[in-house]
Every structure is written in structure tokens, then in C-alpha cells.
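Here is a note on this structure for a colleague who is new to reading protein models. Please keep the picture open while going through the points.

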2 protein chains.
Amino acid sequence: MMGGSEFIEKILAGDTRSVARAISKVEDGAEDAASLMKEIFPRTGRALVIGITGAPGAGKSTLVDKLALHYRSRQERVGIIAVDPSSPFTGGAILGDRIRMQTLGLDSGVFIRSMATRGNLGGLARATVDAVAILDAAGFDKVIVETVGVGQDEVEIVKTADVSVVVLVPGMGDDIQAIKAGIMEIGDCFVINKADRDGVLRTEKELEALLSLATRPDGWHPPIVKTIATDNKGIEDLSAAIESYREFQQTAATSLERREAIARWRILELLRERLLAQTLNRDSASDKLNRLAAEVAAKSRDPYSAVEEIMK
Amino acid sequence: MMGGSEFIEKILAGDTRSVARAISKVEDGAEDAASLMKEIFPRTGRALVIGITGAPGAGKSTLVDKLALHYRSRQERVGIIAVDPSSPFTGGAILGDRIRMQTLGLDSGVFIRSMATRGNLGGLARATVDAVAILDAAGFDKVIVETVGVGQDEVEIVKTADVSVVVLVPGMGDDIQAIKAGIMEIGDCFVINKADRDGVLRTEKELEALLSLATRPDGWHPPIVKTIATDNKGIEDLSAAIESYREFQQTAATSLERREAIARWRILELLRERLLAQTLNRDSASDKLNRLAAEVAAKSRDPYSAVEEIMK
């Protein structure tokens, strides 16, 4: 018990190694992760959590790095969590980490962590929000969650942020209408990055048109910011846009609704994971699963009756 | 019972309306979905299931449409399932459907269906593989599953296909290394679409270099096909590449392993969904969830102890 509370104290004091160890615990689903998070959770709520998403190739990583440097110039401590679910087995996330460490890694006011999926037991989204809570409790002023891709989990993760930023680039081609329709509801703030490219005006007009079609329940009109992240251009505008939504949200009538929706999602994510773990931890569950998987693969059994047998 | 078996007969005969109704049932998690799938599952295994993924803007939809037309010219029946998890609430998927119906929709040998997420109870991946099974049992020769994005669920869905195709475009920018590292393991076949654009050779060289770094467990060397889908160029090469992997796979020693991994994933997906539904269907579970979500939002309770209370 003493060891536990000492560990918590170190996390709350912002000790980098303890923070990293705590994140590993929630990522691995360690046995003491639950008791850790019960201590951490009441200490959260001070950080501004910024979710950044968008299509691959939009330059999100560079944008995040430049935004982090901007906050550092204001003496704020910044935590960055890069979610990389597209790399189920190999070193995509690790590769990204190494590159970033060269720019930001020597600065003790910046904490960077990549999180990738851990096989098919899931839990990446839950682990990510837990990691955000740890950085929040550890006193980081800004926590940036960057997701590669526009999948379901990534959208959910970004929606749990205080402010969600969607990054586009000029001339994304065929799929842009469809993507925009999907992410319009997520973005509290839109960035058109690589704004020195051809087609920036057209993308801006299209985006404005799409945004004008939808009225958000909270009445917010998401700003559009143009950036050239590689040249450090537009970063202050982005910072101001993020701040303006943060201020708006604190007075919005829908703010409680949003927090409750996020809380519900967190509970369901964790519940799903726990129920599965409870079932699979039973005696001989693993043997049974292997046998049933072989039977389903051989088509001598269907997945539905396999699941019924496990739940029996 | 008679009604049920008549319904099954119609699905097996390829009746479009019955197929559409069956897919709605598995999508909605209807009560009779399990008994339906138990009948369907043993009738599957004839179709060639092709998974197509890649970044937004890569022109996947056009490529899929052209591939479908190619198969139609060989008198084959084609089912297309477009998974659009990026659009949690609005009409992204429906918009896509409408556009496509103009090209392919009047042809009774093509069945098109978009599937979007249904809120935070999940089940999209499970519903998608069930829909594929229905089309397979209904006698479609080719079933193409197209996913927008490179998220975790999308990767899982594509991995359940017989042949997985990853679509790239020249000059995708910063994130390409990371994406490639992630999707390299998924692609049985790679397409560089929009091959009339600048940078096609560089993208091809980079891709070749990356592919040469990794040895697949099955020993397969994924072919790279260049296409210009909008001009209908390279579609036959793609069809041949897909066929060549299908042939290889049927003799590969790792083929059973792959089928068992897919079966295991299907069982776990369904189990996760069923366990959650069972728990939430209990008396007063919904009231309890609402109360706990409000408490977590107010930070008077942490998500972990909320879940413990639900599981009690």
C-alpha cells in the first residue's frame, strides 16, 4: 500500500518515469491498473485535452509538434499521445516515436507516447483515455491526442477530447465529400494544412459550404484555420481557435451533455473489455476458444453457436 | 418456422430483397439474427471475398466500381459492402450509395450496401462479416468489402477477406512510411492508383523496398499493380493479381492458420457484443448506466468503480 501511494505521489508530481510506467500499466491492463486509475481520476480536469485527427498524409504529426513547441514557448508542459491502430504488429508507432524524439524529445516539458493496438482483445481506446487522464493528473497543461486514420475507434477517441481538431489538405480527391460528411460532426475546429498548395481556396469553400449545412446542437460555428506546419505558419491562429472553443464550451448549455456522453462511452468501453476478460479468464476458456476457432474455421460450427457455448 | 425457412430459401436463391432484409437484421442485431446466421454459415465458402482498403482520397470507390464492372463482363454476380465508420450519425454512407447506384445500381447482378456504425455499442465489424457471409450464401461470386480509413476495425475487417488489397496513390506525403509499415502486413496485393500522377515511380520503389524488408509467414510476395481507375486502366491486371493470390493461398500451408485466426476473431467480436448486450439487458441496467455516467461526468465517481458496480 505504501508503495502504491508513493507511486501515485510521483505521478502527481509529474515524474516522467512514473508517468511512463503508469501508462504502460493501463496499456497492458495490469492487475493494479484499476486501483491506479481510481486514484488518478479524481485528480483530472485541469489539462486542456486536444484531439487531432484527419486523413493520412495531412501532416498531423508536424502540426502537433509545432503546436507543442508553441505551448512550450509559453512555458506550458505538453503531453502527446499518438494513437496508431493501423500498425497491429510491427514498428509503425515506434518508428514515429524515434523520429519525434529528435525534435522534441530532449525537452523535459514534453512527454511523448505512442499507443498501438494489442491484438484482438481490444482496449486501445480505453487505454488511450486512461493515458490522457494520467498526463492530466501529472500536471501537463496541454494533452494532445493524435490519431492516424479516420476509423471508428479513432473518431471515438477524438470525441473524448475537450477540443477536437480535424486536419484537411487541399485537393484530397474523390473521397473528400464522404470524409467531410463523417468528420464534420467531430470537428470543433478545422485546419487546412499545406495551405501553400493548389486548391486551398476550393477546399476552404467546400468546407464552409458543408459546415453551413449543419447546425450543431451547441450552436458553435467551427473556425477554419489555414496552416503550413512545416514552415511553422498559422500555428498561433490554431492555438487561438482551440482556445476560443474551450472558452465557448465552458459556458455552453450542452457542455454537461457532452461530458455525460463521454462518461457513458468510457464506461461501456471498459465494461466490454472487463466482461470479455472475465469470461476468457475462466478455467479452460482458452482451450475451449482454440477448439471452437478450429471448428468454425473448418465450418463444422458457426460463430453464433460457438459464442453460445462459451457463454453457457 | 416455415416463414424462417422460406426466408432462408429466398436468400440462398439470391433474391435481392431477402438479402437486403437479412443484412438489416444482422446490422440491427435483431433477435432472429443468430438463428439466421446459423443457417447461413454452413452455406458459405464459395464466394471470393476481396477486401479493399487504403487512405481516403486513394480512389477506392472508383476502383471497386470498375473491378465490379470487370467481373460483370465475365457474367459473375458481385456484392459490394462499403464500410463507412467515419460517419457515425449522418449521411456519408447514404450519399456514397446514391452516387454509386447511378453507375451500377440498375444491374441486378450487383448488390451494393453501405454499413455505418450504429452508435457506441459497436458491432460494425461483426455485422460486416455477417453481411459478407449472407452475400456468399446468396450465390454472389465475388464479394468486395471496401473500407474507408485505416483504423483498427477497418484493418480487422479487411483481414477477414480471402484476398486483401491495399490502395495507395503517388506522393501521399509525410505519413506514408507509417501507413505502409502498418498496412504492409495486411496487403496480399498492392495497388498504386492514379498512376498517371507525378511520383508514381518513387512510390513504387518505396513500396518495393518496404515489402522486401518483411518476409511473410506464408512466403508470398505481394504483387504491385498500377491502375488509373477513372480511365479503367489496370483493372484486368488487378483482377489477375487477386486471382494469383487466391490460387497461392489455396495451397499454402498457412492457409488453415489464417482461417483459424479469422474464426477466433469472429468469435471474440461476437462474444464481446453478446456479453455487453446481456449485461445491459438486465432489469434497470439502463437507469443504472445513466446514473453512473452522470456521476462520472461530475467526477464524483471514476469509470473503473462504475464498471465494478454494473458487473456486481
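At what angle do the axes of helix α12 (residues 285-297) of chain B and helix α13 (residues 303-311) of chain B cross, and within what distance do they come? The first point below gives the answer, after a word on the source.

This is a predicted model, in which local features need pLDDT of at least 70 and side-chain atom pairs count only at pLDDT 80 or more, while totals for chains, interfaces and linings use all residues. Residues are numbered from 1 along each chain as its sequence is written, and chains are lettered from A and ligands numbered from 1 in the order in which they are written.

1. The axes of α12(B) and α13(B) cross at roughly 165° and come within 10 Å, where axes are lines fitted to C-alpha atoms, for helices over the stretch in contact, and angles run from 0 to 180 degrees between N-to-C directions. That makes α12(B) roughly antiparallel to α13(B), since angles over 145 degrees count as roughly antiparallel, under 35 as roughly parallel, 65 to 115 as roughly perpendicular and the rest as oblique. On the α12(B) side the contact is made by Lys288(B), Leu292(B), Glu295(B) and Val296(B), and on the α13(B) side by Pro303(B), Ala306(B), Glu309(B) and Ile310(B); two residues are in contact if their C-beta atoms, placed from the backbone, lie within 7 Å. Helices (H or I, at least four residues) and strands (E, at least two) are DSSP runs, numbered from the N terminus.

2. In chain B, α2 and α6 pack at an angle of about 160°, with their axes 9 Å apart, and they are therefore roughly antiparallel to each other. Among the residues that make this contact are Val19(B) and Ala22(B) of α2(B), and Ala127(B) and Ile134(B) of α6(B).

3. Helix α3 (residues 33-40) of chain B has Leu36(B), Met37(B) and Ile40(B) as its buried residues, a residue being buried if 20 or more other C-beta atoms lie within 10 Å of its own, exposed if 12 or fewer, and partly exposed in between, with C-beta atoms placed from the backbone. They cover an arc of only 95° around the axis, which puts them on the same side of α3(B); the arc is that of the directions from the helix axis to the C-beta atoms. These buried residues pack against α13 (303-311) of chain A together with α2 (16-28) and α6 (124-137) of chain B.

4. Seven strands of chain A form an open sheet in the order β3-β2-β4-β1-β5-β6-β7, with parallel pairing, where two strands pair if DSSP finds at least two bridges between them. Its edge strands are β3 (110-115) and β7 (224-226), each of which pairs on one side only, and the twist averages 20° from one strand to the next. Five bridges join β1 (residues 48-54) to β4 (residues 142-147) in chain A, and Gly51(A) stands opposite Val145(A) in β4(A).

5. Val167(A) is found in strand β5 of chain A and is buried, with 26 other C-beta atoms within 10 Å. Not counting residues up to four places away in sequence, Val167(A) touches residues including Ile52(A), Leu63(A) and Val191(A).

6. Chain B also has seven strands in an open sheet, in the order β3-β2-β4-β1-β5-β6-β7, and the pairing is parallel. Three bridges join β6 (residues 189-192) of chain B to β7(B), and Ile192(B) stands opposite Lys226(B) in β7(B).
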